[in-house]
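Dear colleague,

I am handing over the structure below, and after it you will find my notes. Please read them with the model open beside you.

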Amino acid sequence: GAATGTVDTANGYCGAYRDSGEKRHIYRRYFRFVTSALTTDATITAAYLHLYVSGGNNVNGTGLNVVTFAGNGSSAASTDYATARFSNGTTINRTYAAVLAGAAYYDFTFDAGGLIWISKIGNTDLGLRDTNDCTNTDFGATGAGNYITTGLYGGANPPQLVITYTLPET
């Protein structure tokens, strides 16, 4: 896995590929959602990451995984993109083919293990990684790879964390 990276806030890439010089490129996404309004009394029953995908490439059929992210507490710095800051996979995933059917929002539905990642008292920090990145698996021949381009914060199609919850009756 990568030890360091370059923070790029202008593009919404996520994926992995090998260029013609045999250099491997890994693109990871970081998402911060303010979820403190839930309060500690909330019972979270469902959630999904609502992610706009505007394009991409699917060569070897792997997928994308939503993972937890342990950032530095304020914003993503280049050292935060090291593998140690991103968890290694989950059952919250979609195949590239499933999210490259056309420019649209796609949902990554959280399982029970993912629901506990949602903070009721602060921020919920999530990452998006290519499956090959999560499993430390090589991702194909020279010039091969997968990636998606996603919506950005402040743009026309920002990422959204949609949470279903209940509060106790008073």
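The side chains of His50 and Asp107 are joined by a polar contact of 2.4 Å, where a polar contact is a pair of N or O atoms within 3.5 Å, and within protein one atom must be able to donate a hydrogen and the other to accept it, while residues adjacent in sequence count only if both atoms are side-chain atoms. Before going further, please note that this is a predicted model, in which local features need pLDDT of at least 70 and side-chain atom pairs count only at pLDDT 80 or more, whereas totals for chains, interfaces and linings use all residues. Residues are numbered from 1 along each chain as its sequence is written, and side-chain values use heavy atoms, with hydrogens and water left out.

His50 itself is found in strand E4; helices (H or I, at least four residues) and strands (E, at least two) are DSSP runs, numbered from the N terminus. His50 counts as buried because its relative accessible area is 18%, given that buried means under 20% relative accessible area, exposed over 50%, and partly exposed in between, computed with a 1.4 Å probe on protein chains only. Leaving aside neighbours within four places in sequence, His50 is in contact with Tyr105, Tyr106, Asp107, Pro158, Pro159, Gln160 and Val162, a contact being heavy atoms within 4.5 Å.

Strand E4 also takes part in strand pairing, which requires that DSSP finds at least two bridges between the two strands. Four bridges join E4 to E9 in an antiparallel arrangement, and Gly55 stands opposite Thr149 in E9. Strand E9 (residues 145-150) is joined by five bridges to strand E1 (residues 13-18), and these two also run antiparallel; within this pairing, Tyr147 of E9 is the bridge partner of Gly15.

There is also an open sheet of four strands, in the order E3-E8-E5-E6, with antiparallel pairing. Its edge strands are E3 and strand E6 (93-95), each of which pairs on one side only. On average, neighbouring strands of this sheet are turned by 20° against each other, direction ignored, with axes taken as lines fitted to C-alpha atoms (for helices over the stretch in contact) and angles running from 0 to 180 degrees between N-to-C directions.

Strand E8 (residues 123-130) is mostly covered, seven of its eight residues being buried. Five bridges join E8 to E5, where Gly127 in E8 is the bridge partner of Val67. Strand E5 (residues 63-68) is in turn joined to E6 by three bridges, and Leu64 has Arg94 in E6 as its bridge partner.

Most residues other than glycine have a negative phi. Thr39 counts as partly exposed because its relative accessibility is 37%.

Thr40 is found in the loop between strand E3 (29-34) and strand E4 (43-57), and it counts as exposed because its relative accessibility is 56%. Not counting residues up to four places away in sequence, Thr40 touches Lys120 and Ile121. The C-alpha atoms of Thr40 and Lys120 are separated by 5.5 Å, although these residues are 80 residues apart along the chain.

With best regards
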